[in-house]
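Let's take a walk through this structure together. Have the sequence and the 3D view ready, and we'll start with the rings.

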Amino acid sequence: MEKPAKTCYSHIGGKLGELLLDVFTEKEWIAKKHQNDKHFYITSKGKKAFEKLGVDVAQIKDEDM
């Protein structure tokens with residue numbers, strides 16, 4: 001059975017987005033500088049891991065983060 005992958009505007013949302021967020025934070029690929037921050041940043045560990053997966057994080061501009 002196919003599982004839905006929802007979008008929220010131009011971002012991955014729904015359960016898939018939630019699961020990805022959980023995995024990326026557990027692996028310390030993304031983090032927040034302060035617990036109450038709204039936005040995450042890509043860690044150096046995450047940069048290496050995403051690039052290994054073929055994700056070109058250089059395409060993310062500072063204001064996108």
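How many aromatic pairs does the count come to? The count comes to 3 aromatic pairs, where rings of Phe, Tyr and Trp (its six-membered ring) pair if their centres lie within 6.5 Å, with planes under 30 degrees apart called stacked, over 60 edge-to-face and the rest tilted. In one of them, the ring centres of Phe24 and Phe50 are 5.0 Å apart and the planes stand at 90°, so this pair is edge-to-face. Phe24 sits in helix 1 and Phe50 in helix 2, so the pair ties together parts that are 26 residues apart in sequence. Helices here are DSSP runs of H or I with at least four residues, strands are runs of E with at least two, and both are numbered from the N terminus.

Before going on, a word about what you're looking at: this is a predicted model, in which local features need pLDDT of at least 70 and side-chain atom pairs count only at pLDDT 80 or more, while totals for chains, interfaces and linings use all residues. Residues are numbered from 1 along each chain as its sequence is written, and side-chain values use heavy atoms, with hydrogens and water left out.

Back to Phe50, which is buried, with a relative accessible area of 8%. Buried means under 20% relative accessible area, exposed means over 50%, and partly exposed is in between (1.4 Å probe, protein chains only). The rings of Trp29 and Phe50 also pair: their centres are 5.2 Å apart and their planes are at 75°, so this pair is edge-to-face too. Trp29 lies in the loop between helix 1 and strand 3, and Phe50 in helix 2, so this pair ties together parts 21 residues apart in sequence.

Leaving aside its neighbours within four places in sequence, Phe50 is in contact (heavy atoms within 4.5 Å) with Phe24, Trp29, Ile30, Ile42, Val55 and Val57. Some of these names come back in the largest nonpolar core, which has 5 residues in all: Trp29, Ile30, Ala49, Phe50 and Val57. A nonpolar core is a set of buried Ala, Val, Leu, Ile, Met, Phe, Trp, Tyr and Cys residues joined through side-chain atoms within 4.5 Å.

Now look along helix 2, which covers residues 44–52. Which of its residues are buried? They are Gly46, Ala49 and Phe50. These three cover an arc of only 95° around the axis, which puts them on the same side of helix 2; the arc is that of the directions from the helix axis to the C-beta atoms. The buried residues of helix 2 pack against helix 1, strand 3 and strand 4 (41–42). Turn to the other side of helix 2 and you'll find Ser44, Lys48 and Lys52 exposed. Helix 2 is followed by Gly54, which has a positive phi, near 95°.

Helix 1 is next. With 13 residues, helix 1 reaches 19 Å from its first C-alpha to its last, close to the 18 Å expected at 1.5 Å a residue (the expected span is 1.5 Å times one less than the number of residues). Leu21 has its place in this helix and is partly exposed, at a relative accessible area of 34%. Not counting residues up to four places away in sequence, Leu21 touches Ile30 and Phe40. After helix 1 comes Glu28, whose phi is positive, near 65°.

Side chains of opposite charge can pair when their charged atoms come close. The structure holds 3 salt bridges, a salt bridge being a side-chain nitrogen of Lys or Arg within 4 Å of a carboxyl oxygen of Asp or Glu. Lys45 forms one with Glu28, the closest N and O atoms being 3.9 Å apart. This pair links distant parts of the chain, 17 residues apart: Lys45 is in helix 2, Glu28 in the loop between helix 1 and strand 3 (30–31). Lys45 is partly exposed, at 45%, and Glu28 is partly exposed, at 48%.
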